[in-house]
Amino acid sequence: MKLLLEHAHVEGIRYYDTYRKHGGYRSVEKAFKMTPEEIVEEVKKSGLRGRGGAGFPTGMKWSFLAKPEGVPRHLVCNADESEPGTFKDRYLMEFIPHLLVEGLIVSSFALGSNATYIYIRGEYAWIVDILEQAIAEARNNGWLGKNILGTGFDCEIYVQRGGGAYICGEETALIESLEGKRGNPRIKPPFPAIQGVWMRPTVVNNVETLAAVVPIINMGGDEYAKIGVGRSTGTKLLSVCGNVKKPGIYEIDMTQSVEEFIFSDEYCGGIANGKKLKACIPGGSSVPILPANLLLKTAKGETRTMSYESLSDGGFATGSMMGSGGFIVFDEDQCVVRHTMTLARFYNHESCGQCSPCREGTGWMYKILKNIEYGKGKMSDIDLLWDIQRKIEGNTICPLGDAAAWPVAAAIRHFRDEFEWHVLNPEESQKRNYGLAHYADPIHIPATA
Amino acid sequence: MKFSEEKLNKAKEIMTRYPEGKHKSALIPILHIAQEENDGWLDVPVMDYVAELLNIKPIEVYEVATFYTMFNMKPVGKYVFEVCRTGPCMLNGSDDIIEYIKQKLNIKEGETTPDGMFTLKPAECLGACGYAPMMQLGKHFREHLTKEKVDAIIEECRNGAKVY
């Protein structure tokens with residue numbers, strides 16, 4: 001089932017004429033015959049959940065937007081895709097930029113935003129050109145500007161390039177950055193829906209979320225909600241990386257089993273180089289890593305599927321999260337300790353420094369993990385790591401603290417013996433990796449192997 | 001330091017994208033222009049010029065420039081190899097690529113070759129995880145890196161490749 005990527009492989013789909021020929025901008029024509037309230041209602045009915053990572057219902061977020069008389073409102077598109085393992089928004093913007101522009105026009109109309117901003121991570125420098133070209137084409141064809149299609153609605157879309165800071169994916173940090181400041185997250189409340197960019201009511205949505213508004217308006221919220229399973233409605237883009245045969249972007253309706261997603265030729269094609277599956281981080285680096293046995297089946301022994309609910313089945317004790325859809329697969333030769341160390345370094349580098357638990361804690365976690373990885377760790381370090389991550393989680397202004405704590409917690413929770421092996425075998429651990437141990441995938445490898 | 005007329009017009013156009021009086025929002029995009037115009041880094045006179053352009057205090061520019069990773073506070077080589085080393089790239093051998101570049105160019109991480117041609121700047125996740133290992137070189141990504149590809153990129157740079 002493809003809604004967003006339906007025409008992704010059509011030659012020239014990046015350009016207006018081809019995009020329009022394949023049904024592009026129909027949702028704008030339809031939306032302009034509706035009231036803004038009716039559009040919000042369709043999005044609510046669709047059950048669409050924010051595709052950036054948190055999974056908050058989009059329609060509900062939209063309905064919180066304050067509308068004080070005489071105060072302009074803004075829609076801001078969060079294209080600061082920086083969560084390790086995640087590169088789906090990049091794909092959408094690079095290859096089907098008009099889908100985002102179309103979604104932005106409909107959403108801007110629904111929210112009453114006359115100036116809409118796409119905040120894109122600074123490293124995606126060439127994509128700025130692609131988006132600006134698409135916006136210019138849309139304007140030349142009458143979809144943007146003043147009094148669009150005679151509706152009386154004015155709208156401009158601007159692309160704003162960031163400076164290379166993961167934290168700016170957090171919506172209030174993004175707003176600060178858009179105002180030309182350091183990306184320090186704000187204390188909430190007030191929420192952006194009340195006081196956002198330039199203290200005006202603001203909605204910040206992820207690229208994929210805004211692109212999904214196009215099929216929702218085209219087919220209607222109720223029809224969209226029929227796709228998927230339970231509260232995981234519609235389709236979700238997964239960006240797959242790590243040790244699979246076919247890394248890349250996949251659009252799924254969330255009904256597939258994790259096993260099918262990893263091993264079938266339709267999706268990832270199995271583990272690369274004939275190796276075995278060891279572990280997976282299913283939703284971007286912040287969400288808990290799962291060993292193969294808990295990944296393919298839940299703790300209750302049920303088949304785990306690619307939905308928001310099933311991926312989080314078992315809570316953090318035995319489950320994980322859909323997150324941003326950054327699906328990172330580990331083969332049997334990968335070292336969980338080293339991977340966790342790179343993530344700790346990442347979060348330490350990216351902490352904005354406002355809150356001491358995060359600023360100091362991420363640095364300590366990195367240093368301790370580096371010691372363990374390089375054969376200088378102590379057994380007590382593992383408990384110390386556990387203690388630090390607990391003291392970061394929930395004690396910071398923004399979720400970066402949690403995002404830094406969770407991967408360390410999950411690695412210790414599920415792979416403690418690998419950490420202990422590093423400590424007990426400081427020399428051997430420099431020469432070889434721990435291997436598969438007892439994490440083996442229960443479907444493809446017999447338990448006795 | 002002053003922007004060329006073309007860059008100055010670009011900067012002024014960017015400033016019009018925001019509501020009246022909110023032109024400070026243009027700071028980060030303008031710092032990108034300034035860095036490109038100043039051999040890839042921002043020194044104090046450049047940041048002061050940007051402050052003047054936006055009619056804000058110099059400290060407002062310094063605090064932003066030092067916060068964001070893409071802005072270099074020290075001189076860099078003509079070509080900066082920003083090689084990603086975060087988890088997903090690590091799983092696909094980015095450590096070997098970084099090691100190879102260090103040997104080949106005889107520099108450590110963060111250093112520039114004596115001829116001022118190359119800087120190796122290890123980077124955190126750049127959003128190319130499925131095409132790992134990778135590096136950013138100027139405006140674009142170089143993906144699926146191998147030692148042979150690194151050799152070819154170095155050769156390309158020595159022949160004067162344009163990367164912006």
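Helix 7 of chain B, covering residues 147–158, has 12 residues. In this predicted model, the helix reaches 17 Å from its first C-alpha to its last, which is close to the 16 Å expected at 1.5 Å a residue. What comes after helix 7 of chain B? Gly160(B) follows, and its phi is positive, near 85°.

Chain B also holds a sheet. Here 4 strands form an open sheet with mixed pairing, and the order is 2-1-3-4. Strand 2 (118–120) and strand 4 (140–142) of chain B sit at the edges, each pairing on one side only. Ignoring direction, neighbouring strands in this sheet are turned against each other by 30° on average. As a general point, strands of a sheet pair through backbone hydrogen bonds, and they can do so parallel or antiparallel. One pair to look at is strand 1 (residues 79–83) and strand 3 (residues 135–137) of chain B, which run antiparallel and are joined by 2 bridges. Val83(B) stands opposite Met135(B), a residue of strand 3 of chain B.

Helix 6 of chain B, residues 94–105, lies across strand 1 and strand 2 of chain B. Relative to strand 1 of chain B, helix 6 runs at about 155°.

Next comes the place where the two chains meet. Chain B puts 35 residues into the contact, and chain A puts in 47 residues. Which helices of chain B each supply at least two residues of the side that touches chain A? They are helix 2 (27–37), helix 4 (58–65) and helix 5 (87–91). Helix 2 of chain B gives the most to that side, with 5 residues. Sorted by type, the residues on the side of chain B that touches chain A come out as 19 nonpolar, 9 polar and 7 charged.

Chain A, for its part, is divided into domain 1 (16–227), domain 2 (235–331) and domain 3 (336–432). Taken over C-alpha atoms, the centres of domain 1 and domain 3 of chain A are separated by 35 Å. These two domains of chain A touch through 10 residues from domain 1 and 9 residues from domain 3. On the side of domain 1 of chain A that touches domain 3 of chain A, the residues divide into 7 nonpolar, 2 polar and 1 charged.

Note on methods: Residues numbered from 1 in each chain as written. Chains lettered and ligands numbered in written order. Predicted model: local features only at pLDDT ≥ 70, side-chain atom pairs only at ≥ 80, totals over all residues. Contact = placed C-beta atoms within 7 Å. Nonpolar A, V, L, I, M, F, W, Y, C, P; charged D, E, K, R; others polar. Domains from an automatic or database assignment. Pairing = 2+ DSSP bridges. Axes fitted to C-alpha atoms, helices over the stretch in contact; angles between N-to-C directions. Expected span 1.5 Å × (residues − 1).
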